[in-house]
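Please open the model in your viewer and keep the sequence beside it, so that each stop can be selected by its residue number.

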Amino acid sequence: MSQGNMARLLVVAAVVERDGRIMLCQRRPGVHNGLKWEFPGGKIEPGESPEQALARELREELDIGVEVGRVRDAVFYRYPDRDVLLLFYGCRIASGAPKTLDCNAVAWADPEELVGYDFAGADLEFVRRNYKLKKD
């Protein structure tokens, strides 16, 4: 795909921290970035605000209700087949407990454990910018 017609996506992600741990989701096999770890979220549908999209995605993927806070970071990332602008929002679980409805697994990680996860590219960039990863 040439630069001119490469897909450009605006995506939202939730940074849910509880008791010092961060909620991560593993993508299902067979999808873009399959089995990579990420902060849960997804694409904004026509007519949705980013906050509405994030609340909908977390209901669909994890069966939880969230309070969406402020944008914590914005990451532009160029994958081989698409450009993504990912908006990371601080969120709090308001109802429910995460279930793997539309992801492979859910994990709660301490910040120092993040280095052990195989993140999708844009999510890894967020982790590098926002959490101090210890070098081996």
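What you have open is a predicted model, in which local features need pLDDT of at least 70 and side-chain atom pairs count only at pLDDT 80 or more, while totals for chains, interfaces and linings use all residues. Residues are numbered from 1 along each chain as its sequence is written, and side-chain values use heavy atoms, with hydrogens and water left out.

Side chains of opposite charge can pair when their charged atoms come close. Searching the whole structure gives 16 salt bridges, a salt bridge being a side-chain nitrogen of Lys or Arg within 4 Å of a carboxyl oxygen of Asp or Glu.

Select Arg 21 and Glu 113 to begin, whose side chains form a salt bridge with an N to O distance of 3.8 Å. This pair links distant parts of the chain, 92 residues apart, for Arg 21 lies in strand β2 (residues 21–26) and Glu 113 in the loop between β7 (105–109) and α2 (121–130); helices (H or I, at least four residues) and strands (E, at least two) are DSSP runs, numbered from the N terminus.

Next, select Arg 56 and Glu 57, a salt bridge in which the closest N and O atoms are 3.4 Å apart. Are these two side chains buried or exposed? Arg 56 is buried, at 12% relative accessible area, and Glu 57 is buried too, at 10%, where buried means under 20% relative accessible area, exposed over 50%, and partly exposed in between (1.4 Å probe, protein chains only).
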